[in-house]
Amino acid sequence: MANMTKTTESAAPASPATAPDTTAATPASKPAMRMTRARADAIFAERMARHRDELRWLYMELYDNGDMFAELCDGLKRFFDERDNKLKKLDLAREEAGAWYRATNMLGMQMYIDNFAGTIKGVEKNLPYIERCGVNYIHLMPFLDTPADKSRSDGGYAVSDFRRVNPALGTMDDLAHLASKCHARGISLCMDFVMNHTSDEHEWARRARAGEGEYMSRYFFVRDQGIIDRYTRDVPQVFPTTAPGHFTYLPELDQCVMTQFYPYQWDLNYRNPRVFNEMMYNFLFLANQGIDIIRIDAVPYIWKQLGTNCRNLKQVHTIVRMMRMIGEIVCPGIVLLGEVVMAPVEVAPYFGTVEKPECHMLYNVTTMATTWNTVATRDARLLRQQTDIVCSLPRSYTFLNYLRCHDDIGWGLDYGTLSTWGMAEVPHKAYLNDYFQGHTPGSVSRGELYNADPVTGDARFCATTASMCGIEAAGFEGDDEAMEVAIRKDIMLHAYMFTQSGLPIIYSGDEVGQVNDYTYKDDPEKAEDSRYIHRGAFDWRLAENIDGPGSVQQRIFNALRTLEDIRRSEPVFSADADVRTKNYDDASILWIVRSFGDRTLHAVFNFSDDAKTIWMPEAAAYTDLVAGTTAEVATVDMPSWGFAWMLR
Ligand code: GLC
């Protein structure tokens with residue numbers, strides 16, 4: 001790609017995962033001390049002493065209930081005692097390593113167990129494939145027990161029992177077995193902890209429905225229409241078309257129960273300390289199965305206060321802070337990953353402060369949405385600005401970077417800035433949705449709207465990365481030239497994801513360019529929810545094509561592996577690097593500069609349909625990390641949707 005005037009040397013080929021030692025599940029580098037009962041007790045006592053005062057303070061502030069606090073402390077000891085010695089040792093190793101999840105050799109993959117391999121045992125059998133992808137962090141989509149009727153399970157996010165695996169997927173023993181097999185291979189496991197609500201088939205909900213006061217107090221029951229109206233006025237809708245409203249009427253009780261998400265997902269009442277304690281025990285129980293990363297689902301919603309929008313309230317932060325301390329007392333190897341899909345200003349506060357941290361990691365949701373905005377507009381200015389915002393945060397703030405996940409893309413962009421450039425929110429969203437549905441002339445994307453709200457005109461979008469990049473359209477039309485561009489776009493977007501500091505996550509199927517799956521429309525349990533368009537079963541035939549020379553799958557898979565391997569082995573990708581954007585006089589170019597020690601990486605991305613010639617800051621010797629060659633370079637030629645990683 002680079003204009004090489006003089007080749008001076010050939011860089012060593014990107015080496016495969018040379019994993020430094022702070023990885024996911026690497027056991028202690030020192031010979032592990034024996035974990036005698038006395039030593040374990042001393043460890044627990046020390047951790048408790050470190051956190052007890054603050055934990056007690058926050059607990060009493062929220063609940064003013066010393067008995068329940070004492071019960072919680074006993075519970076923590078019990079779960080600590082029950083924690084397997086191997087996990088305790090891993091905790092110690094990770095405490096010593098520090099923020100192990102920041103290592104650049106970390107690469108995640110998010111997958112549905114049934115889609116990928118049928119069952120948990122199936123996932124275990126396919127660990128070699130996961131390793132072949134270079135992945136050492138698996139996010140298993142919700143697998144706990146849910147209502148058998150899939151139209152009432154919200155893809156697993158309506159949990160009926162936090163201690164039981166959905167029998168169709170396996171058992172808790174299978175999970176613990178998988179976790180230990182993963183740990184042996186240096187792979188860590190992430191799972192969802194759906195703490196805002198339970199399914200209406202959860203034992204608590206069943207007993208509440210039967211009128212047991214103790215259980216009713218774990219949810220929000222309301223008779224007064226005035227209160228319902230006030231919530232309706234002040235609280236935005238989560239699913240305005242698929243599940244409008246915030247309450248569900250229960251004829252057997254002649255009352256309404258709060259259901260911010262689907263009517264079968266009852267919001268838990270965290271004003272009740274019983275709910276908090278029990279949910280913490282559930283969290284610890286799951287951690288003790290060998291889970292490494294707990295994704296706290298929909299966390300901004302967990303505290304409700306009439307008269308507010310019931311999002312991101314300060315009590316939510318108190319609860320997350322307590323959860324962080326509870327983790328650090330019982331299982332400090334665990335990482336809390338916050339699902340905070342909120343406006344940019346609301347996201348970073350979930351890291352807490354340096355002295356009082358909350359989540360270890362957060363989704364880089366605004367960057368994700370802004371990336372796709374850039375694809376549709378070919379205007380990288382907003383992405384530059386967003387990148388600068390993220391880079392101005394303390395480096396210890398670790399983001400999870402992704403292009404696609406199991407959810408829709410909500411167009412949570414900085415409309416303040418966009419409007420100063422003449423782009424108003426409503427028409428801009430309409431443009432993005434038209435573009436990605438393939439309705440705009442020149443658009444190669446395919447996909448569907450999600451929760452199009454006829455009242456606000458708002459809509460979100462669903463599709464796979466490959467379909468949004470044009471692989472579906474090019475394949476359907478048999479257009480080789482278009483396929484070429486689509487593959488390049490797909491790889492460039494991944495390269496951009498890998499360029500960012502933080503933990504990159506590949507959505508299962510993206511490594512082989514899997515396109516949209518329209519069969520969900522034939523399944524009445526899924527047909528209403530267009531998110532299933534990008535939740536298709538993993539197509540193993542595509543994985544077989546990885547070895548087919550020149551196949552679409554091979555080209556994407558190998559390119560991603562090359563980029564991952566470079567990221568792992570080249571120090572300039574360190575999470576401690578200084579990262580900034582460079583102003584370049586072409587709005588479709590995104591230019592990121594990473595500096596670490598005496599190394600500087602110029603990562604340049606062409607978000608346009610035209611080829612570009614990029615002028616380097618000065619003519620000098622650069623190593624093109626992808627080509628593996630070093631040369632004196634003044635300009636770099638880039639095809640449409642191309643990129644370059646140029647190291648000095
Ligand atoms: C989270 C999940 C989403 C689910 C919702 C309700 O946002 O990502 O898939 O519908 O929580 O639990």
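How far does a polar side-chain atom of D407 lie from an oxygen atom of the ligand? I looked this up and found 2.4 Å. Taken alone the ligand exposes 310 Å², and the protein buries 95% of that (Shrake-Rupley areas, 1.4 Å probe).

I noted that the model is predicted: local features need pLDDT of at least 70, side-chain atom pairs count only at pLDDT 80 or more, and totals for chains, interfaces and linings use all residues. Residues are numbered from 1 along each chain as its sequence is written, and side-chain values use heavy atoms, with hydrogens and water left out.

A polar side-chain atom of E339 is 2.9 Å from an oxygen atom of the ligand. For D297, a side-chain N or O atom is 2.9 Å from a ligand oxygen atom.

Then I turned to a sheet. It is open, has three strands in the order β8-β10-β9, and pairs antiparallel (strands are DSSP E runs of at least two residues, numbered from the N terminus; a pair needs at least two bridges). β8 (221–222) and β9 are at the edges with a single partner strand each, so one side of each has no neighbour in the sheet.

Four bridges join β9 (residues 247–250) to β10 (residues 255–258). I found T248 opposite V257 and Y249 bridged to C256. The two strands form a hairpin with four residues between them, and D254 in the turn has a positive phi of about 50°.

Definitions and conventions
Polar contact = N/O pair within 3.5 Å; in protein donor to acceptor, adjacent residues only side chain to side chain.
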